[in-house]
Amino acid sequence: MDVRVWRTMDPLIVAAMAGLIVLGLVLIYSASATGEWARGPLVDHPMVRQLFYAAIGFGALLLAMMLDYRLLGRAAPVLYALAVLALIAVLVVGQESYGAKRWINLPVVQFQPSEFSKLVLIITLAKFFADREGSVRSLRTLTLSLLLAVIPMGLIFLEPDVGTTLVVGAIWLGMALMSGIPLRYFGILTLAGLIVLPLIYEFALQDYQRARIETFLDPERDPLGRSYNLIQAEISIGSGGFFGKGLMAGTQTQLNYLRVQTTDFIFSVLGEELGFLGGVLLLGLFTVILLRAIGAAERARDPFARLLVSGICIMLLVQTTINIAVNTRLIPATGVPLPFISAGGTSLITCMIAIGLIESVAARRSRG
């Protein structure tokens, strides 16, 4: 641990992250102003809980920033094993909600192993590819790296959590490309994926997952059932216009036509109440984080650091893209949270630790 590292930290990344968290707290407060939470105990209010998680996340960020990132590379096998065990544990003792087992109840909070497993996989793949710089173009390296990703992907898929499975797959794909794996291998994988896709749809997806795809393609098929929230999200964003209706003034949100508005569909709340300008603000803050992180990756002192920061960029970019695409009805609903914005402790703390790791890399490069 090096407590002096704050002297060389990048303040813009932390400021942009803080801006997103504050924006998320405001949206969560507005989205829960008229629901069941407005009449319940203050300690159960989503904004209060999110503020509590943000405080924990800030402490975790400081620890990650002071930690020498190279220690994580040495600990990667242990971290990977713990992540896999946690993913197995959630299938056995996890709390079932809406037909899925994604959370383990701890004394004070709920723990979602799949969120932390994404960050652990990034650390593991960064170490794996960095140690094989000379053989990174071999089919053996590609196969072994894919195996590292497939194990958590399979366990997350069994929860079931298709959205996070896709994010983990995208992290592997992006990091493999960044490491220099030949593009021809991806052509083979893409062809194989297209061949097995109909089989996955027919035999691996559950009925409600196939229904999500079918109602996405034809929303009028079940407008008051499975298509309901997609239609409400579209109405919310479209009605916000350029300036939005104002905080706590969005009819779709405040009259509770929009469901899961503090988590998966919080971008629709932003679109309705803060309008196009709110969307620009959100994307601008994300852009600052990504651009500063890319700069840190380019200036990194070793391959492990470069791949670690690149993997974090891929995770944040993919999650943000999928969440906004679901809210704007460009892809079927997947249940992926919007980083730093959606209510959810494990997701928020994981993203804040990721920012701390970027700072750890940036600071140690600056200090040589």
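1. Ground rules. The model is predicted: local features need pLDDT of at least 70, side-chain atom pairs count only at pLDDT 80 or more, and totals for chains, interfaces and linings use all residues. Residues are numbered from 1 along each chain as its sequence is written, and side-chain values use heavy atoms, with hydrogens and water left out.

2. Helix H5. Helices here are DSSP runs (H or I, at least four residues), numbered from the N terminus. H5 covers residues 139–158. At 1.5 Å a residue, its 20 residues should span 28 Å, and the end C-alpha atoms are 28 Å apart, so the two agree. The expected span is 1.5 Å times one less than the number of residues. Which residues of H5 are buried? They are Thr141, Leu142, Ser145, Leu148, Ala149, Pro152, Leu155 and Ile156. Buried means under 20% relative accessible area, exposed over 50%, and partly exposed in between (1.4 Å probe, protein chains only). The cover over these residues includes H3 (69–93), H4 (113–130), H6 (162–179) and H7.

3. A cis bond. Pro160 sits in the loop between H5 and H6. The peptide bond from Glu159 to Pro160 is cis, with omega near -5°. Most residues other than glycine have a negative phi, and most peptide bonds are trans.

4. Two positive phi values. The loop between H13 (303–327) and H14 (345–367) holds Arg329. Phe340 is in the loop between H13 and H14 too. Neither is a glycine, yet phi is about 60° at Arg329 and about 70° at Phe340. Arg329 is partly exposed, at 22% relative accessible area. Phe340 is buried, at 2%.

5. Salt bridges. The structure has seven. A salt bridge is a side-chain nitrogen of Lys or Arg within 4 Å of a carboxyl oxygen of Asp or Glu. One of them pairs Asp10 with Arg292 (2.8 Å, N to O). Asp10 lies in the segment before H1 (11–31) and Arg292 in H12 (residues 275–298), so the pair ties together parts 282 residues apart in sequence. Asp10 is buried, at 9%, while Arg292 is partly exposed, at 34%.

6. Arg364 is in H14 and Asp68 in the loop between H2 (46–66) and H3, 296 residues apart. Lys118 and Glu115 pair at 2.9 Å, N to O. Both lie in H4, three residues apart, about one turn of the helix. Shared partners join Asp68, Arg70 and Arg364 into one network of salt bridges.

7. Cysteines. How many disulfides does the structure hold? It holds zero. A disulfide here is a pair of cysteine sulfur atoms within 2.5 Å. The sulfur of Cys313 is 12 Å from the closest cysteine sulfur, in Cys351, so it is too far for a bond. Cys313 is buried, at 11%. Cys351 is buried, at 1%.

8. A surface patch. Leu191, Leu194, Ile195, Val196, Leu197, Leu199, Ile200 and Phe203 make a nonpolar patch of about 820 Å². Patch residues have over 30% relative accessible area and no salt bridge; like charges are joined within 9 Å, and nonpolar side chains (Val, Leu, Ile, Met, Phe, Trp, Tyr) within 5 Å. Accessible areas come from the Shrake-Rupley method with a 1.4 Å probe. Leu191 belongs to H7 (residues 183–204). Leu191 is exposed, at 52%.

Note on methods. Contact = heavy atoms within 4.5 Å.
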